[in-house]
Amino acid sequence: MRYEYSVIPAPARSDKAQTAKTPVDRYALSLAAEMNRMAADGWEYVRAEVLPSEERSGLTGRSTVYHNLLVFRRPHVAAEPAKRLTHEPEAAPA
């Protein structure tokens with residue numbers, strides 16, 4: 001089976017919620033909300049990744065920054081070739 005993938009940044013901040021009292025609970029709710037949003041569009045959560053990215057720092061400098069990313073996948077639906085429409089002559093009554 002073939003898949004298509006979507007990679008999005010993990011939430012950087014947590015949303016306030018009355019049910020979540022600690023920062024880790026609030027972050028978990030934010031993460032779950034993002035995962036549920038993607039699942040509603042048919043995306044299946046695969047894993048979280050921390051990947052490096054070289055970015056500009058100042059006028060001439062460069063530094064490596066690490067990004068937290070969420071990886072999702074869903075089955076790839078290949079476009080079906082157009083079906084030919086042919087006119088079949090009706091059978092003559094016997």
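A nonpolar core is a set of buried Ala, Val, Leu, Ile, Met, Phe, Trp, Tyr and Cys residues joined through side-chain atoms within 4.5 Å, where buried means under 20% relative accessible area, exposed over 50% and partly exposed in between (1.4 Å probe, protein chains only). In this protein, the largest such core has six residues: Ile8, Ala10, Met38, Trp43, Leu70 and Phe72. The model is a predicted one, in which local features need pLDDT of at least 70 and side-chain atom pairs count only at pLDDT 80 or more, while totals for chains, interfaces and linings use all residues. Residues are numbered from 1 along each chain as its sequence is written, and side-chain values use heavy atoms, with hydrogens and water left out.

**The overall plan**

- The secondary structure comes to one helix and three strands, where helices (H or I, at least four residues) and strands (E, at least two) are DSSP runs numbered from the N terminus.
- Read from the N terminus, the elements follow the order β-α-β-β.
- Of the 94 residues in the protein, 13% are buried.
- The accessible surface is about 8,300 Å², and carbon and sulfur atoms hold 54% of that; these areas come from the Shrake-Rupley method with a 1.4 Å probe, and for residues only the protein chains shown count as cover.
- Taking contacts (heavy atoms within 4.5 Å) between residues at least 6 apart in sequence, 54% join residues at least 24 apart.

**The sheet**

- Three strands make an open sheet in the order S1-S3-S2, with antiparallel pairing; two strands pair if DSSP finds at least two bridges between them.
- Its edge strands are S1 (3-9) and S2 (44-57), each of which pairs on one side only.
- Neighbouring strands of the sheet are turned by 30° against each other on average, direction ignored; axes are lines fitted to C-alpha atoms, for helices over the stretch in contact, and angles run from 0 to 180 degrees between N-to-C directions.
- S1 and S3 pair in the antiparallel sense through seven bridges, and tyrosine 3 stands opposite proline 75 in S3.
- S2 and S3 (residues 61-75) are joined over 13 bridges, also in the antiparallel sense.
- Bridge partners in S3 include arginine 73 for glutamate 44 and threonine 64 for glutamate 54.
- The hairpin formed by S2 and S3 has three residues between the strands, and glycine 58 in the turn has a positive phi of about 80°.

**The helix**

- Helix H1 (residues 23-40) lies across S1, S2 and S3 and runs at about 150° to S1.
- With 18 residues, H1 reaches 26 Å from its first C-alpha to its last, close to the 26 Å expected at 1.5 Å a residue; the expected span is 1.5 Å times one less than the number of residues.
- After H1 comes glycine 42, with a positive phi near 90°.

**Residues to look at**

- Serine 6 is found in strand S1 and is buried, with a relative accessible area of 17%.
- Leaving aside residues up to four places away in sequence, serine 6 touches Met38, Trp43, Leu70, Val71 and Phe72.
- Isoleucine 8, a member of the core, touches Glu34, Arg37, Met38, Asn68, Leu69, Leu70 and Phe72, again not counting residues up to four places away in sequence.
- Alanine 12 sits in the loop between S1 and H1 and is exposed, with a relative accessible area of 77%.
- Alanine 12 and tyrosine 27 are 15 residues apart in sequence, and their C-alpha atoms are 8.8 Å apart in space.
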